[in-house]
Amino acid sequence: MGADHLWQDLGLPHRRALSELMATRFMTLAQRNTGDMKWKKFLYKQLCEREEIFVCKSPSCAACSDYDVCFGPETGPAT
Ligand code: SF4
């Protein structure tokens, strides 16, 4: 629920630490993030899909105008 990238909200030193945490502690879930989506976006998307709530602008990430919001680098301020 924080305003920054998930790795920042969790107090981790960098995104890679969160990716390693996800890969070791939530392996099955992490393996579903095949496109290296930002972790917070990815987790919310999983919840939306589980509840069959579809709020995306596009049926395909590749064709979506928000692609950079969901898949862009997680080093600067969260968007
Ligand atoms: S890129 Fe677009 S379609 Fe893909 S998860 Fe983000 S908002 Fe949804």
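Predicted model: local features only at pLDDT ≥ 70, side-chain atom pairs only at ≥ 80, totals over all residues.
User: Lys-45 sits in which helix, and is it buried or exposed?
Analyst: Lys-45 is in helix 4, and it is buried. Trp-39, Lys-40 and Lys-41 of helix 4 are buried as well.

User: What covers those buried residues of helix 4?
Analyst: The cover includes helix 1 (6-9), helix 2 (15-25) and helix 5.

User: How many residues does helix 4 have, and what does it reach from first C-alpha to last?
Analyst: Helix 4 has twelve residues. Its reach is 16 Å, close to the 16 Å expected at 1.5 Å a residue.

User: What comes just after helix 4?
Analyst: Glu-52 does, with a positive phi of about 60°. Glu-52 is not a glycine. Its place is the loop between helix 4 and helix 5 (67-71).

User: Is Glu-52 buried or exposed, and why?
Analyst: Glu-52 counts as exposed because it has 6 C-beta neighbours inside 10 Å. The cut-off for exposed is 12 or fewer.

User: Where is Asp-36?
Analyst: Asp-36 lies in the loop that joins helix 3 (27-31) to helix 4 (39-50).

User: What is its phi?
Analyst: Asp-36 has a positive phi of about 60°, although it is not a glycine.

User: And is Asp-36 buried or exposed?
Analyst: Asp-36 counts as exposed, because 11 C-beta neighbours lie inside 10 Å.

User: Zooming out, how many helices and strands are in the protein?
Analyst: The protein has five helices and zero strands. From the N terminus, the order of elements is α-α-α-α-α. The radius of gyration is 13 Å, close to the 12 Å from the globule rule for 79 residues, so the protein is as compact as a globular protein of that length.

User: What does the C-alpha trace span?
Analyst: Along its principal axes, the trace spans about 35 × 30 × 20 Å.

User: What share of the residues counts as buried?
Analyst: Of the 79 residues, 11% count as buried.

User: And what share of contacts joins residues at least 24 apart?
Analyst: That share is 43%, taken among contacts between residues at least 6 apart in sequence.

Terms used:
Residues numbered from 1 in each chain as written. Helix = DSSP H or I, 4+ residues; strand = E, 2+ residues; numbered from the N terminus. Rg over C-alpha atoms; globule rule 2.2 N^0.38 Å. Buried ≥ 20, exposed ≤ 12 C-beta atoms within 10 Å, placed from the backbone. Contact = placed C-beta atoms within 7 Å. Expected span 1.5 Å × (residues − 1).
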